[in-house]
Amino acid sequence: MDTLIRDARIIDGTGAPWFRADLRISGGRIAAVGPQLAAGGATVVEAGDRYLAPGFIDAHCHDDLITLREPQRLEKIMQGVTTVVVGNCSFSLYPIAAGSRRLLADHFGALLGTTTDDEVFADLDGYRNALEGRGAALNVVSLVGHAALRLAVMGFEQRSATAEERQAMQRLLAAQLAQGAAGLSLGLVYPPSAYADQAELVALAETVRDHGKLLTAHIRSYEGGLIASTDEFLSILRSAGTAGLLSHLQSAGRPNWGNVPKVIERLETARSEGLDVSFDMYPYPAGSTYLLQLLPPEALAGGHPALVERLAGAAYRDDLRRWIEEGGNDPHRQSKVSLIGWENVRLSAIGAAALKHLEGRSLADAAASEGSTPFDLMVRLIVEDQGETGIVLFQLDEGDLHAACTHRLHLACSDGLPRIGTRPHPRGFGSFARFAGRLVRDGWFPIEDAVRRMTSAPAQRFNLSDRGVIRQGLVADLTLFDAAIDDPATFDDPVRIATGVSHVFVAGEAVVADGQPTGNLPGKIIP
Ligand SMILES: [Zn+2]
């Protein structure tokens, strides 16, 4: 069925100033853009003073599993999002090899909540069949998580890969890229991705390059080692000649504030030398991850069961507490707690029923109320909550955030970690409404530039050649929204749906109409 959107303020996604025109959708595509188009038999939507933009693309999130479980993705479509990029930071739901099914489900579950055996897949085709079989309101771009490759080939072992193992990972990766995966994601703080050496990373980057795809990286440190970790990523990209995306650029911990512009300078220098590299970032001064990120990576050698075994020893616990609270001597591997304090680590999602009442409190507060110390409560959560506790870290500087989110190389993202829990980071519910609303009103950028970061820029980055721009003939992924678009979700009250989006179309089909979800599920794995 055709739709005619009448007299909209059209923001075409390129950054060009808005212009007033009609837009006609036919056969899932943008059939015409111009003044006074004939209605024919089309359903007419009067735009009033609203903006019509390409559907927003979440360049970095962790919606892999939630999109299978909740195909509506309400909090996303109500922000005008029509495409999500999943499989980030080394976490994807495929591929597996004989014996790695449970390992991958456990690994994914540590970050995103308990994951069952039938929620991980042999390959991208398996994930695609499950997702498209159930249907989804929005499109999914899928990266291969490095952890899945490693778990499939060498389990959770803390060591370098042999030449044969490297080649096995490359073959497995190549098969996923051939099936349509958008690239490979590294998670160099997350074991087992963190256990890889340069030879492995460069070999995998070469496979990515051979397929013309993208290498993304949660780099090895966003604290004291930020600059060195950026250089490590750039050297991998240079060695292999691969295009890259540095994930959620930030500098964590007060002593490290002010370093984001230095990283951007390095990226610009690399670009001037011919390296195709950019970055993404969400619009909040706090991050979110799992509790195990408070530990040094070697603590997870052998996986969660091995850690629990070691935690039974008093001497091990003592050493660990000292490292976490006082930090080590290595400036490239700083303890998060030593930088920001237990009071800035908030419990966001707890699976264990006996501890669930602590959600929303800082580890300092929660420990006091339990008559415990923050460290002992952390250990209890690691043991009783299977290491699956979600946390929010208040650790970033507003100046750094502004520098990242207003730079021309920036792609907008949420980095949302959707999982069971009452106090998640609000970014999954508010990032896109925040970019298009609050930050525009606060003068961070004009509306057209905010939209460019959410549309044409990520579309180009992920090779979505028929999306991200409003042009005749392109796929009709569109969002119609009011200039008053707003994100009511806060850290204390995070599960609040954005306001101000009236219509969202995915491939021409309305998933939101008159401010209400329609229940339609036209989404696909793309490109
Ligand atoms: Zn990450």
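Two strands pair if DSSP finds at least two bridges between them. Helices (H or I, at least four residues) and strands (E, at least two) are DSSP runs, numbered from the N terminus. In this structure, for instance, Phe-279 stands opposite His-410 in strand E16. This is a predicted model, in which local features need pLDDT of at least 70 and side-chain atom pairs count only at pLDDT 80 or more, while totals for chains, interfaces and linings use all residues. Residues are numbered from 1 along each chain as its sequence is written.

- Strands of a sheet pair through backbone hydrogen bonds, either parallel or antiparallel.
- Strand E10 (residues 214-218) pairs with strand E11 (residues 243-246) in the parallel sense, over four bridges.
- In this pairing, Leu-215 is opposite Gly-244 of E11.
- Between E10 and E11 the chain passes through helix H8 (residues 226-240), and this β-α-β crossover is right-handed. A crossover is right-handed if, with the strands pointing away from the viewer, the path from the first strand over the helix to the second runs clockwise.
- E11 also pairs in the parallel sense with strand E12 (residues 277-281), here over three bridges.
- Within E12, Ser-278 is the bridge partner of Leu-245, and Phe-279 is the bridge partner of Leu-246.
- E11, helix H9 (residues 260-272) and E12 make up a right-handed β-α-β unit.
- E12 is joined to E16 (residues 410-412) by three bridges, and the two strands run parallel.

- A residue is buried if 20 or more other C-beta atoms lie within 10 Å of its own, exposed if 12 or fewer, and partly exposed in between; the C-beta atoms are placed from the backbone.
- In a regular strand the side chains alternate between the two faces of the sheet.
- In E11, Ala-243 and Leu-245 point one way, Gly-244 and Leu-246 point the other way, and all are buried.
- E12 is mostly covered, with five of its five residues buried.
- Val-277, Phe-279 and Met-281 lie on one side of E12 and Ser-278 and Asp-280 on the other, so both faces are covered.

**Helix packing**

- Axes are lines fitted to C-alpha atoms, for helices over the stretch in contact, and angles run from 0 to 180 degrees between N-to-C directions.
- Angles under 35 degrees count as roughly parallel, over 145 as roughly antiparallel, 65 to 115 as roughly perpendicular and the rest as oblique.
- A crossing is left-handed if the near helix is turned anticlockwise from the far one by less than a right angle, and right-handed if clockwise.
- Two residues are in contact if their C-beta atoms, placed from the backbone, lie within 7 Å.
- Helix H5 (residues 146-154) packs on helix H6 (residues 163-178) at an angle of about 130°, and their axes are 9 Å apart. H5 and H6 are therefore oblique to each other.
- H5 and H6 cross in the right-handed sense. Residues making the contact include Leu-149 and Val-153 of H5 and Ala-168 and Leu-172 of H6.
- The axes of H6 and helix H7 (residues 198-210) come within 9 Å and cross at roughly 30°, which means that H6 is roughly parallel to H7.
- The crossing of H6 and H7 is right-handed. Among the residues in contact are Met-169 and Leu-173 of H6 and Ala-203 and Leu-204 of H7.
- H8 and H9 pack at about 20° with axes 10 Å apart, so H8 is roughly parallel to H9.
- H8 passes H9 in a right-handed crossing. Leu-226, Ile-227, Thr-230 and Leu-234 of H8 meet Lys-262, Val-263, Arg-266 and Ala-270 of H9.

**Antiparallel sheet**

- Three strands form an open sheet in the order E13-E15-E14, with antiparallel pairing. Strand E13 (286-290) and strand E14 (345-349) are the edge strands, each pairing on one side only.
- On average, neighbouring strands of this sheet are turned by 30° against each other, direction ignored.
- E14 and strand E15 (residues 390-394) run antiparallel and are joined by four bridges. The bridge partner of Val-345 in E15 is Leu-393.

**Ile-525**

- Ile-525 is in the segment after strand E20 (516-517).
- Ile-525 is buried, because 22 other C-beta atoms lie within 10 Å.
- Apart from its neighbours within four places in sequence, Ile-525 is in contact with Arg-128, Leu-131, Glu-132, Val-140, Ser-142 and Gly-180.
- Ile-525 and Gln-472 are 53 residues apart along the chain, and their C-alpha atoms are separated by 23 Å.
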